[in-house]
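Please open the structure in your viewer and keep the selection panel at hand. The stops below can be followed in order, each with something to select and a note on what is there.

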Amino acid sequence: MSSPDPGSFRDPASRVVLDGDRVLRLLDDRGLADWRALAGSDFFASAVADGRLIAATELEDPPAGSAGALEHPRLSFISYPYEWTFSMLKDAALLQLDLLKDALTAGITIKDATPYNIQFVQGKPVFIDIGSFELYRAGEPWIGYRQFTRQFLFPLLLRAWIGVPFQPWLRGDIEGPTPAQMASLLGGRKRFNTGALFHVRLQARMEARMSDQAVREDLKSAGFTPELILANVKKLRSLVASLEWEHGENGWSEYGSCTHVGRDRDTKSEFLGSAIEHFQPKRVLDLGANDGHFSTIAARAGAETVAVDSDEAVLDDLYRRSSGLSLGIALSDLANPSPAQGWAGKERSALTDRARPDLVIAYGLIHHLIYAASVPPREVVTWLRSFDCPVVVEFVSPGDEMVAKLVGNKLSHELHADREEAPFRSLLGEMFETTHEMALTSGTRILFSLRPR
Amino acid sequence: MIFEYLDPGSGSLLLQAVIGGATGLAVAVKAMRAKYGLGRGKAAPTPDEDDAAEDSAQPVES
């Protein structure tokens with residue numbers, strides 16, 4: 001039984017449907033002609049071979065109602081740009097520009113420029129929307145330019161030049177900042193950067209002046225050539241490549257050097273190793289992954305692993321170390337994980353619905369939810385149970401040094417009553433069966449390996 | 001007519017030519033001249049005025 005992918009409906013020429021574990025792309029006549037042109041090009045063969053473009057095979061018998069159909073390999077985890085780190089969005093932007101340059105040379109163009117067309121596989125960006133390629137028509141400008149600036153360039157500028165994380169913006173407005181909004185935000189010397197002058201300020205001004213004037217045919221008649229697109233792409237690539245986010249050592253980036261972390265890390269690694277051996281998970285979700293030490297253990301053990309954390313700096317470092325590993329990365333605050341949103345509330349699905357784990361790691365997490373986010377322990381355990389799979393969890397007692405920091409100025413009566421070990425064990429017993437447990441040397445932390453009841 | 005599902009933004013389309021250096025700037029100016037008749041002694045009619053002129057040239061039914 002096939003079902004349309006709720007995130008694939010904007011392009012009438014090409015739509016993705018999920019048929020069990022198969023991912024199919026249904027094409028109309030125009031989509032099929034564009035696919036055949038792409039498939040016959042050297043560009044396609046080389047981009048697939050070097051892993052920049054997802055593989056696609058044309059089906060001999062397309063489903064009724066479609067002119068043609070392709071089958072793609074299924075990706076283990078889909079992430080969205082508002083869950084990416086700076087380096088992930090930057091690499092995706094460079095891929096988008098490089099593919100456009102190479103495609104144009106082969107007489108093909110990419111009709112849009114959205115990061116939702118890119119996913120990360122083995123720590124590298126891969127372009128997944130074959131339907132975005134179409135034959136270049138003489139005199140056509142780059143239709144995706146404005147979208148590229150709003151969804152790639154401006155978010156990167158937000159972080160690199162203004163020091164503001166782009167993820168909350170992209171999560172709130174899937175289309176990204178407008179040129180006018182960016183022009184309002186850009187201050188100081190950066191306003192006079194050539195890239196800012198053209199892509200931000202001039203674009204904002206021209207957008208305001210030309211809002212209701214069609215110019216596409218005029219540009220064609222005036223002799224617009226693909227060389228002009230290539231010149232723009234070259235300048236954009238140089239601008240994007242120059243953008244850096246200097247996050248240094250702050251917040252959780254230093255977590256690995258904390259005394260309690262170093263002391264207990266080996267024990268926790270061995271405990272996780274035993275759980276992986278016991279439960280043999282194919283898919284692991286590491287909640288509060290921090291520097292990804294435990295996610296990496298799971299990935300190296302052969303599980304398709306997803307590391308979730310709210311600290312962009314540690315995840316950015318993890319991304320740069322994840323090449324060759326089956327390790328997805330999602331930046332998200334677990335007290336407020338990415339929701340389902342977009343058209344009909346379904347276009348982008350909730351983070352927890354995309355992960356589909358068969359083992360959850362919750363090391364060094366629940367005290368943050370209980371003490372910093374004030375989530376009642378019962379809610380936390382119920383939430384862990386909702387994944388409906390085994391869980392490896394680290395209980396942190398109220399006497400722990402980290403808890404003292406998290407409690408801060410909160411008074412005892414302002415904290416949840418069932419935060420102590422005995423009531424927490426009772427909660428676990430209601431929803432899980434403990435298969436293994438181990439006290440850490442600190443004396444304030446206990447590891448539990450749990451199977452859902 | 002070819003349907004496009006993405007609004008490319010007219011200002012953004014024109015800007016691409018401007019960014020493309022001297023050749024591009026010439027294309028942008030030419031496109032704008034064609035559209036508005038800028039830089040000529042007498043302004044060319046806008047597309048709306050063109051339409052109006054054609055309309056008025058139609059025989060009037062009585």
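In which loop of chain A does Ser374(A) lie? Select Ser374(A) and the elements on either side, and you will find this residue in the loop between α14 (366–372) and α15 (377–385) of chain A. Please bear in mind throughout that this is a predicted model. Ser374(A) has a positive phi of about 60°, although this residue is not a glycine. It is partly exposed, with 13 other C-beta atoms within 10 Å.

Next, select Asn290(A), which is found in the loop between β10 (283–287) and α11 (293–300) of chain A. Here too the residue is something other than glycine and phi is positive, with a value near 55°. Is Asn290(A) buried or exposed? Because Asn290(A) has 23 C-beta neighbours inside 10 Å, and 20 or more are enough for the label, this residue counts as buried.

Now turn to the sheet of chain A, where five strands form an open sheet in the order β1-β2-β3-β5-β4, with antiparallel pairing. The edge strands to colour are β1 (2–4) and β4 (57–58) of chain A, each of which pairs on one side only.

Within this sheet, select β2 (residues 14–19) and β3 (residues 22–27) of chain A, which pair in the antiparallel sense over six bridges. As a landmark on this pair, show Val17(A), which stands opposite Leu24(A) in β3(A). The two strands form a hairpin with two residues between them, and Gly20(A) in the turn has a positive phi of about 60°.

From β3(A), step across to β5 (residues 68–72) of chain A, where the pairing is antiparallel over five bridges and Leu27(A) stands opposite Gly68(A). Continue from β5(A) to β4(A): these strands pair in the antiparallel sense over two bridges, and Glu58(A) is the residue that stands opposite Leu70(A).

The crossing of the two helices is left-handed. To see the contact itself, show side chains on both helices: α3(A) contributes residues including Leu94(A), Leu97(A) and Lys101(A), while those from α9(A) include Ile229(A), Val233(A) and Arg237(A). Coloured by residue class, the residues of this contact divide into 12 nonpolar, no polar and three charged.

For the last stop, bring chain B into view and look at its contact with chain A, which takes 34 residues from chain A and 23 residues from chain B. On the side of chain A that touches chain B, the elements that give two or more residues are α4 (145–162), α7 (194–209), α8 (216–221) and α9 (226–242) of chain A. Which of them gives the most to this side? It is α7(A), with six residues. The residues on this side of chain A divide into 17 nonpolar, seven polar and 10 charged.

Of the 62 residues of chain B, 29% count as buried.

Note on methods:
Residues numbered from 1 in each chain as written. Chains lettered and ligands numbered in written order. Predicted model: local features only at pLDDT ≥ 70, side-chain atom pairs only at ≥ 80, totals over all residues. Pairing = 2+ DSSP bridges. Helix = DSSP H or I, 4+ residues; strand = E, 2+ residues; numbered from the N terminus. Contact = placed C-beta atoms within 7 Å. Nonpolar A, V, L, I, M, F, W, Y, C, P; charged D, E, K, R; others polar. Left-handed = near helix turned anticlockwise from the far one by under 90°. Buried ≥ 20, exposed ≤ 12 C-beta atoms within 10 Å, placed from the backbone.
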